[in-house]
Structures are given as structure tokens and as C-alpha cells.
Amino acid sequence: MIPQKNQFSKANDWDEPEEEVYRVLSKEEMAALQASNAVKHPPLSPWRILAAQVVVTVLSMVIWSIFGGAVGVSLYTQSAFLGGLISVLPSALFLIRLELAKSMQILNPGNYLAALVSGEFIKIVVTLMLFIGIAYWVPGVLWVPLLVTYVLALKCVWLAWLWR
């Protein structure tokens with residue numbers, strides 16, 4: 001309904017909607033629900049995604065090597081490797097940070113959230129440092145293979161939807 005000029009809504013429009021009824025599950029019902037969800041949606045290891053990033057990086061290096069010279073490792077291949085490294089290394093550090101948080105004796109939601117946030121901060125800082133370091137200290141890097149491989153390796157997370 002489109003409000004008209006100088007027309008106010010009725011008092012009933014502002015009343016709170018009826019409350020939803022929540023059912024409290026017993027311990028047995030909750031265990032059965034968790035077991036059925038575990039069968040339907042098995043947990044996916046983040047290390048598999050990291051391994052997929054490595055595989056995509058290697059495939060990208062092979063494809064980019066076609067554009068290089070016939071002898072040795074070309075600059076295209078090196079640039080593709082650096083792009084994959086920029087994606088894989090920060091992700092590995094992030095996962096190591098989360099694994100360290102899981103191994104702590106006192107694991108509560110606050111500590112795990114702190115580990116998640118600090119791990120993401122580490123990941124962002126390391127990614128920026130790698131990009132800046134490569135820009136300054138790697139002469140003649142080819143940015144197209146580097147960025148294409150970087151983006152492809154980042155998108156490996158989307159493969160997790162196919163694995164479920």
C-alpha cells in the first residue's frame with residue numbers, strides 16, 4: 001500500500017506480530033538431529049581447499065608455460081607461481097592459526113572468534129606484503145599471469161560447493 005498525503009496508518013499496523021512458538025528439543029532429539037545433519041552435510045576440511053589451490057596453481061603454471069620459451073622455466077611460469085604463492089601462503093597461515101586455536105585447552109567462542117579475526121588480519125597483511133614485495137623486488141614480473149593465477153586460486157573455495 002502506498003501511503004497518501006496526510007493519511008496516517010491505523011493503530012493496528014504498529015502492533016507486534018504474534019510470537020512464534022519454539023519447541024525445546026530433548027537431548028536425544030538433538031543428538032538425532034545432529035547425526036542426520038552430519039550425514040546430509042559432511043564437514044569439509046579446509047586443507048582440501050588449500051590442496052585444490054595448489055593444484056590450480058600448478059595447472060595454471062603449466063598452461064602459462066605454453067606462452068614462454070621452449071627451454072627452461074619461462075617468466076610466464078614464474079609469474080603464475082608467484083600468483084599462486086600469494087594465494088596459498090596466506091591461506092595456509094590462516095589455517096595454521098585456526099588449528100592452533102582449536103588445540104588450546106580452553107576453547108570458548110570468544111577465543112575462537114579472536115583467533116578467526118587475528119588469522120584473517122594475518123592473511124590480509126601477508127597478502128599485501130607479498131604483492132608489494134613482488135612489485136619491488138621481482139624484476140620483470142608479468143602481472144597478467146600473476147593476477148589470473150591469484151584469482152583462480154582464490155576461487156577454489158567455490159569448489160567446496162561441488163564437493164558436498
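## Thr-57 in helix H2

Thr-57 sits in helix H2, which covers residues 46-65. The model described here is predicted. The relative accessible area of Thr-57 is 7%. Buried means under 20%, so Thr-57, at 7%, counts as buried.

The side chain of Thr-57 has a polar atom 2.8 Å from the backbone oxygen of Gln-53. With neighbours within four places in sequence left aside, Thr-57 is in contact with Ala-80, Phe-81, Gly-84, Val-88, Thr-149 and Ala-153.

## Helix H4: length and cover

Helix H4 runs over residues 109-137, which makes 29 residues. At 1.5 Å a residue, a helix with this number of residues should span 42 Å.

Which residues of H4 are buried? They are Ala-115, Gly-119, Val-126, Thr-127, Leu-130, Phe-131, Gly-133 and Ile-134. The cover over these buried residues includes helix H3 (75-102) and helix H5 (143-154).

## A nonpolar patch on the surface

Trp-47, Leu-89, Leu-93, Ile-96, Leu-100, Phe-121 and Ile-122 form a nonpolar patch on the surface. Together these residues have about 620 Å² of accessible area. The elements that each give two or more residues to the patch are H3 and H4.

Which element gives the largest share of the nonpolar patch? That element is H3, with four residues. Leu-100, one of the patch residues, is placed in helix H3.

How values were computed: Residues are numbered from 1 along each chain as its sequence is written. This is a predicted model: local features need pLDDT of at least 70, side-chain atom pairs count only at pLDDT 80 or more; totals for chains, interfaces and linings use all residues. Side-chain values use heavy atoms; hydrogens and water are left out. The expected span of a helix is 1.5 Å times one less than its number of residues. Buried means under 20% relative accessible area, exposed over 50%, partly exposed in between (1.4 Å probe, protein chains only). Contact means heavy atoms within 4.5 Å. Patches are made of residues with over 30% relative accessible area and no salt bridge: like charges are joined within 9 Å, nonpolar side chains (Val, Leu, Ile, Met, Phe, Trp, Tyr) within 5 Å. Accessible areas come from the Shrake-Rupley method with a 1.4 Å probe; for residues, only the protein chains shown count as cover. A salt bridge is a side-chain nitrogen of Lys or Arg within 4 Å of a carboxyl oxygen of Asp or Glu. A polar contact is a pair of N or O atoms within 3.5 Å; within protein, one must be able to donate a hydrogen and the other to accept it, and residues adjacent in sequence count only if both atoms are side-chain atoms.
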